[in-house]
Amino acid sequence: TFTSVQAPGALKLNAAIYAHAEIYGWAKKLATKVCDEPSSPAGWHTCASSCAAVHKETPEALCEVTTSLSQLRRANQTGLELKSGDLGIFTTLINFVENS
């Protein structure tokens, strides 16, 4: 999982890693973490644009977002730009999971 797609050269590096993984059969196990706990419309916009940039360079890449379910629901109510089809992996925050 890579966390900074905005870093210089990160998209090319991400694409190279996916290409290498494809050769050896483990590309489907990779995810590119495009943002971590976005809590504002600007944060979700950054997630969407980062995922779009990743897909432009590496269409088969899975984008990962770490957030709480409540943040995701709020974002959906305000016109979330990152659609479920764009998102490969949604990782919820473990600190909000209750022990039952």
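Helices (H or I, at least four residues) and strands (E, at least two) are DSSP runs, numbered from the N terminus. The model is predicted, so local features need pLDDT of at least 70 and side-chain atom pairs count only at pLDDT 80 or more, while totals for chains, interfaces and linings use all residues. Residues are numbered from 1 along each chain as its sequence is written, and side-chain values use heavy atoms, with hydrogens and water left out.

Start with Lys-33. Its relative accessibility is 16%, so Lys-33 counts as buried; buried means under 20% relative accessible area, exposed over 50%, and partly exposed in between (1.4 Å probe, protein chains only). The side chain of Lys-33 makes a polar contact of 3.3 Å with that of Thr-66. A polar contact is a pair of N or O atoms within 3.5 Å; within protein, one must be able to donate a hydrogen and the other to accept it, and residues adjacent in sequence count only if both atoms are side-chain atoms.

Lys-33 also takes part in a salt bridge with Asp-36, where the closest N and O atoms are 3.5 Å apart. A salt bridge is a side-chain nitrogen of Lys or Arg within 4 Å of a carboxyl oxygen of Asp or Glu, and by this rule there are two. Asp-36 is partly exposed, at 46% relative accessible area. In the salt bridge of Glu-57 with Lys-12, the closest N and O atoms are 3.3 Å apart. This pair links distant parts of the chain, with Glu-57 in helix α2 and Lys-12 in helix α1, 45 residues apart. Glu-57 is partly exposed at 32%, and Lys-12 is exposed at 56%.

Next comes the interior. In soluble globular proteins, nonpolar side chains tend to be buried together. A nonpolar core is a set of buried Ala, Val, Leu, Ile, Met, Phe, Trp, Tyr and Cys residues joined through side-chain atoms within 4.5 Å. The largest one here has 16 residues, and those touching the most other members include Val-34, Trp-44 and Leu-80. At least two residues each come from α1 (10-24), β1 (32-36), α2 (41-57), β2 (63-67) and α3 (69-77); α2 gives the most, with four. Leaving aside residues up to four places away in sequence, Val-34 touches several residues, among them Cys-47, Cys-51 and Val-65, where contact means heavy atoms within 4.5 Å.

Two disulfides are counted, each being a pair of cysteine sulfur atoms within 2.5 Å. In one, the sulfur atoms of Cys-35 and Cys-47 are 1.7 Å apart. Cys-35 belongs to strand β1 and Cys-47 to helix α2, twelve residues apart. The other joins Cys-51 to Cys-63, with 2.3 Å from S to S. Cys-51 lies in helix α2 and Cys-63 in strand β2, so this pair ties together parts twelve residues apart in sequence. Cys-51 is buried at 1% relative accessible area, and Cys-63 is buried at 0%.

Just after α3, Gly-79 has a positive phi of about 85 degrees.
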